[in-house]
Amino acid sequence: MGGGNGQKSKTARERNMEKQKAAKRSQLESNKKAMTIQCKVCMQTFICTTTEVKCREHAEAKHPKSDVSTCFPHLKK
Ligand SMILES: [Zn+2]
């Protein structure tokens, strides 16, 4: 009595953990693939979902003397 139940929930938990691990792994993979924006001045990489605002912030903070389009040529004015 009771033992069977515990066994079942333990298995479910383990299965769930495997699922979470796999999800985390694939997230890491897609994160790596997502690093596609690169500042041409300091070669820092950004996740491709980085907004234009963030790119401009980086350019203004790190390279105030350079134009934002020099750092990120994909940003067209
Ligand atoms: Zn930079």
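Let me begin with a term: a residue is called buried when its relative accessible area is under 20%, exposed when it is over 50%, and partly exposed in between, using a 1.4 Å probe and protein chains only. By that rule C39 is buried, because its relative accessibility is 0%.

The structure is a predicted model, in which local features need a pLDDT of at least 70 and side-chain atom pairs count only at pLDDT 80 or more, while totals for chains, interfaces and linings use all residues. Residues are numbered from 1 along each chain as its sequence is written, and side-chain values use heavy atoms, with hydrogens and water left out.

On confidence, pLDDT is the predictor's confidence in each residue, from 0 to 100. The average for the protein is 84, and 82% of the residues score at least 70. Confidence is highest in helix α2, at 95, and lowest in helix α1, residues 3-34, at a mean of 78. Helices here are DSSP runs of H or I with at least four residues, strands are runs of E with at least two, and both are numbered from the N terminus. Where pLDDT is low, the predicted coordinates should not be read in detail.

Two of them link distant parts of the chain: C39 sits in the loop between β1 (35-38) and β2 (45-47), and H58 lies in helix α2 (residues 52-62), 19 residues away. H58 has a relative accessible area of 8%, so this residue is buried.

What of the cysteine C71? Its relative accessibility is 0%, so C71 is buried. The closest cysteine sulfur to that of C71 belongs to C39, at 4.1 Å, which is too far for a bond. The structure holds 0 disulfides, a disulfide being a pair of cysteine sulfur atoms within 2.5 Å.

Most residues other than glycine have a negative phi. M43 is not a glycine, yet its phi is positive, at about 65 degrees. This residue is partly exposed, because its relative accessibility is 48%.

Finally, the salt bridges. The term denotes a side-chain nitrogen of Lys or Arg within 4 Å of a carboxyl oxygen of Asp or Glu. How many does a search of the whole structure find? It finds 4. Among them is the bridge between E52 and R56, at 2.6 Å from N to O. These two are 4 residues apart in helix α2, and so are separated by about one helical turn. E52 is partly exposed at 38%, as is R56 at 25%. Also included is K54 with E57, whose closest N and O atoms are 3.8 Å apart. In helix α1, K21 and E18 are 3 residues apart, and therefore about one helical turn; their salt bridge has its closest N and O atoms at 3.6 Å.
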